[in-house]
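My notes follow, in the order I looked things up.

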Amino acid sequence: MTHAAITGWGKCLPPAVLSNHDLSTLLDTSDEWIVSRTGIRERRISHVRLEDLATVAAERALAAAALAAASIELIVFGSCSYDDQVPNMASGVQLRLGAHAAAALDLNTACTSFLYGLSTATALIRTGVVRNALVIGAELISPFMDWSDRDVAVLFGDGAAAVVLEATQNEEGLIAEKLGCYADSRETLRVQGMGGRYANRGVLYGVTRWQFAGQEIFKRAVQGMASACEEALGRAGIDAGEVDLLVPHQANLRIIEAVARRAHLPMERVYVNVQRYGNMSAATVPVALCEALEEGRVRPGGWLLMPGFGGGLTYCAHLVRWGSRTTPLGLSAAQLPPNERSALAIIRECREHKMRPTAVEAREPFAGI
Ligand code: UT7
């Protein structure tokens with residue numbers, strides 16, 4: 001049987017750091033509240049577009065796999081914060097990489113988009129439609145954030161990561177997964193106005209209002225991720241005790257601890273980086289995977305369990321058997337353009353654009369229809 005091995009991985013984190021203290025100068029919040037309720041200490045704010053973050057991550061992943069962009073047959077771009085809806089994001093990455101032989105697909109299941117993308121690409125490799133794929137999880141949340149709403153503004157950050165999948169006859173890569181969605185809770189996380197209206201960073205972004213029922217999302221996240229872990233393990237006939245590392249969606253340390261408890265995994269076998277980046281939605285799991293590899297936390301042949309949840313409310317868990325190589329074959333020289341501005345300065349500029357609608361945008365929507 002054909003499997004889809006993970007042969008390359010790469011991340012791209014924008015350099016501007018927004019600390020909890022920075023946020024307390026904008027909002028009625030404190031480092032103590034944010035750390036005790038979420039575990040988050042800082043997050044990154046991007047000075048560039050989503051496509052830039054994703055392209056650098058993709059170039060690094062390709063170098064790690066020593067695969068030329070021209071050989072890539074599929075690009076799956078997992079995200080909910082597109083620069084553009086049409087044309088799609090994956091085609092932009094195809095062009096930037098010179099991956100002209102690749103099919104280009106965007107996929108949005110909010111925070112689970114990378115993992116759902118891993119399922120999609122793996123299935124297309126297993127069935128022989130393509131022989132390899134680049135799967136990206138990337139988000140640019142900051143322009144869509146309501147920076148006056150402390151309920152959500154402290155939770156999210158920007159970032160990107162990608163993996164390369166290649167067909168193999170070895171039993172490795174994604175072995176079993178469970179995908180699901182609690183649509184009856186979909187109104188617990190709605191971003192109103194997540195469309196393009198106001199200019200910032202050379203692109204148009206919307207004025208957004210977040211409808212966010214934190215406690216309800218918390219409960220369903222734990223329930224969805226824990227049950228999906230059990231089901232994915234059951235499908236593969238693997239016992240929780242055999243899992244080497246849990247690499248969960250990083251939204252809140254308390255959610256991660258609750259899922260680990262229910263999955264019967266001690267925290268020593270859980271990878272956590274939410275303190276550094278906050279919730280980067282679709283980018284959290286692939287960035288965590290890259291960092292777990294960099295830190296030597298993934299052993300050759302090891303079992304990784306990757307649960308996630310997101311708006312929808314989608315949830316899932318992916319059981320991956322790692323291959324024999326845990327180090328990159330090559331390094332890419334790809335870099336983001338330099339940034340001189342602080343994270344707070346980028347956010348201030350973002351808020352200003354949102355507060356100064358142009359004459360056309362200030363008109364009533366659909367006036368005259
Ligand atoms: O990927 C999907 C994204 N969604 C999530 O990850 C959300 C999951 N939910 C959570 O992570 C948690 O529910 C939160 C971190 C959002 C909230 O934690 P909580 O322990 O459930 O707090 P709470 O909602 O019960 O709020 C407690 C208090 C409230 O004040 P009162 O009503 O008790 O006076 C809030 O107004 O904390 C207040 N509060 C804040 N205080 C300081 C809410 N946000 C803040 C803040 N700073 N940023």
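Started with the ligand shell: H7 gives the most to it, with four residues. Helices here are DSSP runs (H or I, at least four residues) and strands are E runs of at least two, numbered from the N terminus.

Ground rules before going on. I am working on a predicted model, where local features need pLDDT of at least 70, side-chain atom pairs count only at pLDDT 80 or more, and totals for chains, interfaces and linings use all residues. Residues are numbered from 1 along each chain as its sequence is written, and side-chain values use heavy atoms, with hydrogens and water left out.

**Ligand shell.** I find 23 residues around the ligand, the closest being Thr29, Arg37, Gly214, Gln215 and Asn252; to be near, a residue needs a heavy atom within 4 Å. By class I get eleven nonpolar, seven polar and five charged. Ala, Val, Leu, Ile, Met, Phe, Trp, Tyr, Cys and Pro count as nonpolar, Asp, Glu, Lys and Arg as charged, and the others, Gly among them, as polar.

**Polar contacts.** I looked for pairs of N or O atoms within 3.5 Å. The side chain of Thr29 puts an N or O atom 2.6 Å from a ligand nitrogen. Arg150 uses a backbone N or O atom, 3.0 Å from a nitrogen of the ligand. On the oxygen side, I have a polar side-chain atom of Asn252 at 2.7 Å from a ligand oxygen. Of the 970 Å² of accessible area that the ligand has on its own, the protein covers 74% (Shrake-Rupley, 1.4 Å probe).

Where does the ligand sit? I find it in the second largest pocket, with more than half of its atoms within 2 Å of the grid points as the test. A pocket is an open set of points on a 1 Å grid over the protein atoms alone, with protein on both sides within 12 Å along at least five of seven lines; a cavity is a set where a 1.4 Å probe fits but cannot get out, and lining residues have an atom within 4 Å of a point. This pocket holds about 580 Å³. It has 24 lining residues, and Trp33, Leu155, Phe212, Gly214 and Asn252 are the closest to its centre. H7 again supplies the largest share of the lining, four residues.

**Cavities.** I count two of 30 Å³ or more.

Terms used: A polar contact is a pair of N or O atoms within 3.5 Å; within protein, one must be able to donate a hydrogen and the other to accept it, and residues adjacent in sequence count only if both atoms are side-chain atoms. Grid points are joined across faces, edges and corners, and a volume is the space filled by probe spheres set on the points.
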